[in-house]
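Dear colleague,

I am passing on the structure we spoke about, with the sequence alongside. Please have a look at it first, and then read on for what was found in it.

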Amino acid sequence: MELPLVVGVDGSEPSLRAVDWAADEAALRGLPLRLVYASLWERYEGTSLAEDLGEPSDQVMAEDIVETAARRARTRRPDVKVTTDVLPEEPEYALVRESRTAAAMVLGSRGRSSLTEALLGSVSVTVAGHAHCPVIVLRGSHDNQAVPGRHGRIVVGIGEEPTDTGAMRFAVEEARRRGVPLEAVRAWRCPAHETTDHPLLAGEPARLHEAKAAEVLEAALRDIPADVEVHRRTVEGHARNVLLDSSADADLLVVGARRREGHYGLQLGRVAHAVLHHSACPVAVVPERP
C-alpha cells in the first residue's frame, strides 16, 4: 500500500496554495493525496453554536473546508486520487500522528488565526519539528508549480554529519523526479581567534576551513547516482544566511532535523528555524534518524 502525501488544510489561502503544490507533487510521485482538517473548536463548540451566536461567514464548516480543498486538487490534477478527513482534535497532535503513515506532509506557511498573520504559523513549526516524515512548508513567492518549477534547481544544506542522510536522499529524489540539478551547499566560517596579521600566514586558517568544508561536501555526495546533475558550493558565512541566500533562486530548499535523545520527536535547530521563517522558496524539513 502506497503511503499518501498528506496536506493540512484549514481554509486559509496559504493552505489552499499548499493543496495546489501537493497535488502537483502527488502527480509527480504517483501517490494518492490525503487532505486533513483538524480543529479542537469543532469538537467542543459544535456546528450549531456558530449559527446560534451569529458568527461571521469565514467560520465555515470543517466539511466545507476539506471539500473545497478536494475540489481544488481534483480540478488541478484529475489523475490524482484524493481522500479527505476531519479530525476533532488539536491540529499539531493530529498532523504529527498523520506523519507516521505519510510519504511526506505539505503545509501552508500561515494559518487562519490573526495571531499567525505576521509570523510562521505555530502549527507548521510544531509539525516540522516533530513529524516522522519529511514536512514541506510552502514559503516564499513561489508559483505553486511542482513541475518543472520556476528556477529548475533543488538546494540541499550539508551539515556536520552529512554521510547517508535522509535530507540528502530526499533532495536527490526530488531533483531526479523533476529532472533538475541538485545544488549541495556547505557553509563554513573561520573563527576570529584563528586569524592572523602576519603577511606569510594571512588567509591560511580560512583556506583550511574551506578545505574541510569541501571534504565534508564530497563525503556527502559520494553515493549520488550518476543520473543526477550535482553542483557543489562551499560558502563562507553563517549556515542560515548562506541557505537563505540560496533559496532566492531555488524551487525547494531541503534541510535535515536530527532527533535528540530524551526529547519528543524532532527538535529544530536554529538553521531550520531560520529557513522556515524566512526562506524565499518552499522548505522541506527531513527527519534524520540517529
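The notes below go from the whole chain to the sheet, then to one residue in it, and finally to a pair of helices.

Please keep in mind throughout that this is a predicted model. The protein chain has ten helices and ten strands, and buried residues make up 49% of its 290 residues. Among the contacts between residues at least 6 apart in sequence, 79% join residues at least 24 apart. The chain exposes about 14300 Å², of which carbon and sulfur atoms supply 50%.

The ten strands form an open sheet with mixed pairing, and their order across it is β3-β2-β1-β4-β5-β10-β9-β6-β7-β8. Its edges are β3 (82-87) and β8 (230-236), each of which pairs on one side only. On average, and with direction ignored, neighbouring strands of this sheet are turned by 25° against each other. Helix α6 (residues 122-130) packs on the sheet, where it touches β4 (104-108), β5 (135-138) and β10 (283-288), and its direction makes about 160° with that of β4.

Within the sheet, β1 pairs with strand β2 (residues 33-38) in the parallel sense over four bridges, and Val 7 stands opposite Leu 35 in β2. Is Val 6 buried or exposed? Val 6 has a relative accessible area of 0%, and because buried means under 20%, it counts as buried. Leaving aside residues up to four places away in sequence, Val 6 touches Arg 34, Val 36, Glu 98, Ala 102, Ala 104, Met 105 and Val 106. Val 6 and Ala 22 are 16 residues apart in sequence, while their C-alpha atoms are 8.1 Å apart in space.

The last point concerns two helices. The axes of helix α1 (residues 13-29) and helix α7 (residues 166-178) come within 10 Å and cross at roughly 80°, which makes α1 roughly perpendicular to α7. At their contact, Trp 21, Glu 25, Leu 28 and Arg 29 in α1 meet Phe 170, Glu 174, Arg 177 and Arg 178 in α7. The residues of this contact divide into three nonpolar, no polar and five charged.

How values were computed: Residues numbered from 1 in each chain as written. Predicted model: local features only at pLDDT ≥ 70, side-chain atom pairs only at ≥ 80, totals over all residues. Heavy atoms only, no water. Buried < 20%, exposed > 50% of the residue type's maximum accessible area, 1.4 Å probe, protein only. Contact = heavy atoms within 4.5 Å. Pairing = 2+ DSSP bridges. Axes fitted to C-alpha atoms, helices over the stretch in contact; angles between N-to-C directions. Parallel < 35°, antiparallel > 145°, perpendicular 65-115°, else oblique. Nonpolar A, V, L, I, M, F, W, Y, C, P; charged D, E, K, R; others polar. Areas by Shrake-Rupley, 256 points an atom, 1.4 Å probe, with all protein chains shown as cover.
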